[in-house]
Amino acid sequence: MPLKNHVVQDLSGESDSLIVFLHGYGADGADLLNLADSLKIHLPNTIFMSPDAPNKSTMNPFGYEWFPIPRLDGSSLENAKKGRDEATKELNLFLNEIKENTGIPFERIFLFGFSQGCMMSLHLAPRKNEKIAGVVGIAGMLMQPELLEKEAVQKPPILLVHGDEDDVVPYEELNIAADTLVKANFEVYTLTSKGAGHSITEDGLRAALQFIKNIL
């Protein structure tokens, strides 16, 4: 079943790039779409899309999840991995479809993930057959870092942002992800949001905008 998608069209009517927001656990695509309001003025040729994750959330009946999280919902590690792998396949199909439908090439398509959406972005982008423009990962973590070097087939540039007072995903995950990615020869940028918890901060959004503009 195709992922339900939320869209903000480009301001110029001459779209040449695309940002795909990936929401966190228990939220939905509309949750991140308001970020487009802050970004579109500076990126007038960019389309913004934000799909709902494929599974209804077990913790929030009104939200969605990319895969189960055992410490939150009591699921097994096996089910979590299975859910992640299935969601990765569905997200990859989604990206292929929007590339075909919009005519925008993968090298002009960004993933912008928050929390569990960041985890999905960091998992999919290196394993995708085609190289995307880049990844913005906020307040997330790199799943199974020990497998990255062996499984990576693409190495898009990556920006990692994390609040140093995050009580949901530990701040230490920023350094684990960055060190692993650098060791695997990725181009990596990091930003610590001082005093920030589990959120998307103004300085993080500014860094994301600059990262995207530099690539475009």
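This is a predicted model: local features need pLDDT of at least 70, side-chain atom pairs count only at pLDDT 80 or more; totals for chains, interfaces and linings use all residues.
Colleague: Let's start with α7. How do you know that its length fits a helix?

Modeller: Helix α7 has 12 residues, 172-183, and at 1.5 Å a residue that should span 16 Å. The end C-alpha atoms are 17 Å apart, which agrees.

Colleague: Which residues of α7 are buried?

Modeller: Those are E173, L174, A177, A178, T180 and L181.

Colleague: And what makes you say that they line one face of the helix?

Modeller: Looking down the axis of α7, the buried residues fall within an arc of 165°, so they line one face. As for the background, an α-helix has 3.6 residues a turn, so residues three or four places apart point the same way.

Colleague: What does that buried side pack against, and what is on the face turned away?

Modeller: The buried residues of α7 pack against α6 (148-151), β8 (158-163) and β9 (188-193). The face turned away from them carries D179 and K183, which are exposed. Just after the helix, N185 takes a positive phi of about 70°.

Colleague: On to the rings. How many aromatic pairs are there?

Modeller: The structure holds three.

Colleague: Why is the pair of F21 and F48 called stacked?

Modeller: Planes under 30 degrees apart count as stacked. F21 and F48 have 10° between their planes, with 6.0 Å centre to centre, so stacked it is. The pair links distant parts of the chain, with F21 in strand β2 (residues 17-22) and F48 in strand β3 (residues 46-51), 27 residues apart.

Colleague: Why do F21 and F48 count as buried?

Modeller: The cut-off for buried is under 20% relative accessible area. F21 has 0%, so it is buried, and F48, also at 0%, counts as buried too. F21 and F48 form one aromatic cluster with F112.

Colleague: What makes Y189 and F211 an edge-to-face pair?

Modeller: For that label the planes must be over 60 degrees apart. Y189 and F211 have 65° between the planes, so the label applies; their centres are 6.0 Å apart. This pair also links distant parts of the chain: Y189 is in strand β9 and F211 in helix α8 (residues 202-215), 22 residues apart.

Colleague: Are Y189 and F211 buried or partly exposed?

Modeller: One of each. F211 has a relative accessible area of 6%, so it is buried, whereas Y189, at 39%, counts as partly exposed.

Conventions. Residues are numbered from 1 along each chain as its sequence is written. Side-chain values use heavy atoms; hydrogens and water are left out. Helices (H or I, at least four residues) and strands (E, at least two) are DSSP runs, numbered from the N terminus. The expected span of a helix is 1.5 Å times one less than its number of residues. Buried means under 20% relative accessible area, exposed over 50%, partly exposed in between (1.4 Å probe, protein chains only). The arc is that of the directions from the helix axis to the C-beta atoms. Contact means heavy atoms within 4.5 Å. Rings of Phe, Tyr and Trp (its six-membered ring) pair if their centres lie within 6.5 Å; planes under 30 degrees apart count as stacked, over 60 as edge-to-face and the rest as tilted.
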